[in-house]
Amino acid sequence: MSKKIEVCLTPALIDLYDIEQSIVVVIDILRATSSITFGIENGAEAIIPVSLVEECLAYQEKGYLLAAERNGEVVEGYDFGNSPFSYTKEKVAGKTIVLTTTNGTKALHLANKRAYQVVIGSFLNLDSLSDYLASQDKNVLLLCAGWKDQFNLEDTLFAGAVVNKLRKNFEHFDDSSVAAEDLYMLAKDDLRKYLHKSSHSHRLAQLNIEEDVVFCLQLNVCKAIPVLEGERLVKLNPKP
């Protein structure tokens with residue numbers, strides 16, 4: 001099979017792509033997919049993405065942890081938001097978390113409607129994710145969650161990093177892949193410095209969570225690849 005990589009720069013464009021035979025990588029670097037990766041790495045049994053804050057409450061009686069973020073802030077009354085520092089072993093090992101975020105959970109649900117498989121990508125698991133994608137006989141769509149359906153820099157940079165890693169393993173790259181890779185090559189020596197240009201970086205700076213941003217830009221501190229099985233994100237166990 002002649003494999004292709006495509007980059008969807010915002011969820012608003014996903015209907016333009018045929019993804020029924022593609023592995024879709026959902027990307028929301030600041031901060032949902034970074035925190036999901038870190039949580040699964042740290043032993044969370046499952047993370048259930050839901051679209052609405054109110055949906056989280058339906059799970060409260062089951063003893064699940066509730067995580068809700070809107071516009072970068074924890075929703076009042078919830079256990080935590082989507083800071084990766086909330087997803088430590090002490091807090092999440094053996095637990096199920098119900099999560100809703102401004103951008104990431106929406107992208108997950110859109111992908112799940114049609115994709116062959118949906119996995120989670122972040123700089124934290126870049127190498128293990130890339131190795132997995134290279135090993136599969138499937139096309140890949142890198143789906144950037146963006147910000148409220150608009151393009152953003154950090155998700156596109158990560159898509160470019162994956163494209164760069166997989167350059168030898170795939171034959172066909174769409175123009176969005178080429179642009180994302182070029183952007184990554186410009187930024188890769190100092191991702192944080194480059195992202196000072198980003199509008200979302202400025203939003204997060206106003207919330208005083210620079211530590212989160214720096215954490216989410218670390219490379220390969222996790223091996224886990226979260227995969228969507230039904231409604232639950234769990235740790236992928238690749239077949240040998």
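Author: Threonine 100 is buried, with a relative accessible area of 0%. Please keep in mind that this is a predicted model. Threonine 100 belongs to strand 6, which covers residues 96–100. A polar atom of the side chain of threonine 100 lies 3.0 Å from the backbone oxygen of valine 50. Setting aside residues up to four places away in sequence, threonine 100 touches Val50, Ser51, Leu52, Val53 and Cys56, together with Ala67, Ala68, Glu69, Arg70 and Thr105.

Leucine 52 sits in the loop between strand 3 (46–49) and helix 2 (53–57). Whereas threonine 100 is buried, leucine 52 is partly exposed, with a relative accessible area of 46%. With residues up to four places away in sequence left out, leucine 52 touches Arg70 and Thr100. Leucine 52 and isoleucine 40 are 12 residues apart along the chain, and their C-alpha atoms are separated by 22 Å.

Now let us turn to the nonpolar cores. The largest nonpolar core has 41 residues, and Leu133 and Leu142 touch the most other members. Elements that give two or more residues to this core are strand 1 (4–8), strand 2 (22–27), helix 5 (126–135), strand 8 (139–144), helix 6, helix 7, helix 8 (191–195) and helix 10 (210–216). Helix 6 gives the most to this core, with seven residues. Leucine 133 itself touches Lys3, Ile23, Val25, Val140, Val162, Leu166 and Phe170, again not counting residues up to four places away in sequence. A second, separate core has 33 residues, and among them are Phe38, Ile40, Ala115 and Ala145.

Helix 6 (residues 153–165) and helix 7 (residues 175–187) pack with their axes 7 Å apart, at an angle of about 100°. Because of that angle, helix 6 is roughly perpendicular to helix 7. On the helix 6 side, Leu153, Thr156, Leu157, Ala159, Gly160, Ala161, Val163 and Asn164 take part; on the helix 7 side, they meet Ser177, Ala180, Glu181, Leu183, Tyr184, Met185 and Ala187. The residues of this contact divide into 10 nonpolar, four polar and one charged.

Key: Residues numbered from 1 in each chain as written. Predicted model: local features only at pLDDT ≥ 70, side-chain atom pairs only at ≥ 80, totals over all residues. Heavy atoms only, no water. Axes fitted to C-alpha atoms, helices over the stretch in contact; angles between N-to-C directions. Helix = DSSP H or I, 4+ residues; strand = E, 2+ residues; numbered from the N terminus. Parallel < 35°, antiparallel > 145°, perpendicular 65-115°, else oblique. Contact = heavy atoms within 4.5 Å. Nonpolar A, V, L, I, M, F, W, Y, C, P; charged D, E, K, R; others polar. Core = buried A, V, L, I, M, F, W, Y, C linked by side-chain atoms within 4.5 Å. Buried < 20%, exposed > 50% of the residue type's maximum accessible area, 1.4 Å probe, protein only. Polar contact = N/O pair within 3.5 Å; in protein donor to acceptor, adjacent residues only side chain to side chain.
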